[in-house]
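Hi,

Here is the structure I promised to pass on.

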Amino acid sequence: MHDWVESLLALQELDIRLAKMDEQLRSIPDKRKEAEKQYAAETEALNLAKAAFKEAELAARKYDGEINALLEKKRAFQSKSAMIKNNDEYRAALLQIEMCDHAVGTLEEKQLEAMMALDGLKETVALREKDLASGKKRAEGMLEDLKTLTANCQAQIDELQAKRPELLKPFAERYPDEPYLERYTRLRAGRGNPTTPCVVPVLDESCGRCRMKITAQLKNDTVNGKLTFCPSCSAMLFWE
Ligand SMILES: [Zn+2]
């Protein structure tokens, strides 16, 4: 392998590592959002449980008012009945009182059912609160991990950036008149994925990147250390 190829491959390896670190860094905001979304469902479930509890509480309280109104009505019949002399009217009043008692009994049963349902809903609220707390804890763990990941990526990027000037040196010192570095830089700045190589070997007379067959002439030039490019994907070619 020609020296300039080795220098270029070393640079490419570092640049790809840098690009991968950069990619990872750029994916972090989305991952943060994902972590925060972790407990959105739990928050929603808790809100629903609280709303159901409140509604049931209001319904249970409504019975109090209805029962009190009936008891009030019953007392009115009772005081009225004390003053009635006529038997028929007296019986009618007693019947009204009995009806009031019956209605109160029915309402009290319903109220008891509502209170029992309320207990169940209270338990649900407590469960949902627990779910939310663990969802938050899980998200906090993820966010903490992402913080570490960010710091690690940044540290690695700094380390790689510090090494890069050393890898550029051969081009200025040994090949000052050759366009190796310039063409490489231009290729990397192109539309290709920065985490994949743009300097690739010729494999079985084909481009090592797009696998398109290359001409015998192009292969010869590559073997002889000339600067060559794949005609279909423009990758820089070299002979191993
Ligand atoms: Zn190609």
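The radius of gyration of the chain is 41 Å, whereas a compact globule of 240 residues would have one near 18 Å. That radius is taken over C-alpha atoms, and the globule rule is 2.2 Å times the number of residues to the power 0.38. Along the principal axes, the C-alpha atoms fill a box of roughly 130 × 35 × 20 Å.

Before you go further: this is a predicted model, where local features need pLDDT of at least 70, side-chain atom pairs count only at pLDDT 80 or more, and totals for chains, interfaces and linings use all residues. Residues are numbered from 1 along each chain as its sequence is written, and side-chain values use heavy atoms, with hydrogens and water left out.

On to the fold. The chain has five helices and four strands, in the order α-α-α-α-β-β-α-β-β along the sequence. These are DSSP runs numbered from the N terminus (helices: H or I, at least four residues; strands: E, at least two). Of the contacts with a separation of 6 or more, 71% are between residues 24 or more positions apart; a contact is heavy atoms within 4.5 Å.

UniProt, in an unreviewed entry, puts "domain: C4-type zinc ribbon" at residues 206-237. Such annotations may be inferred rather than shown by experiment; feature names are shortened and positions follow the numbering used here. That stretch is 25% helix and 19% strand, with its end C-alpha atoms 10 Å apart.

Of the 240 residues, 30% count as buried, meaning under 20% relative accessible area, with exposed over 50% and partly exposed in between (1.4 Å probe, protein chains only).

Beyond its neighbours within four places in sequence, Glu42 is in contact with Asp131, Leu132, Gly135 and Arg138. Glu44 is in helix α2 too, but at 45% relative accessibility Glu44 counts as partly exposed. Pick Glu44 and Leu187 and you get C-alpha atoms separated by 50 Å, for 143 residues along the chain.

Cheers
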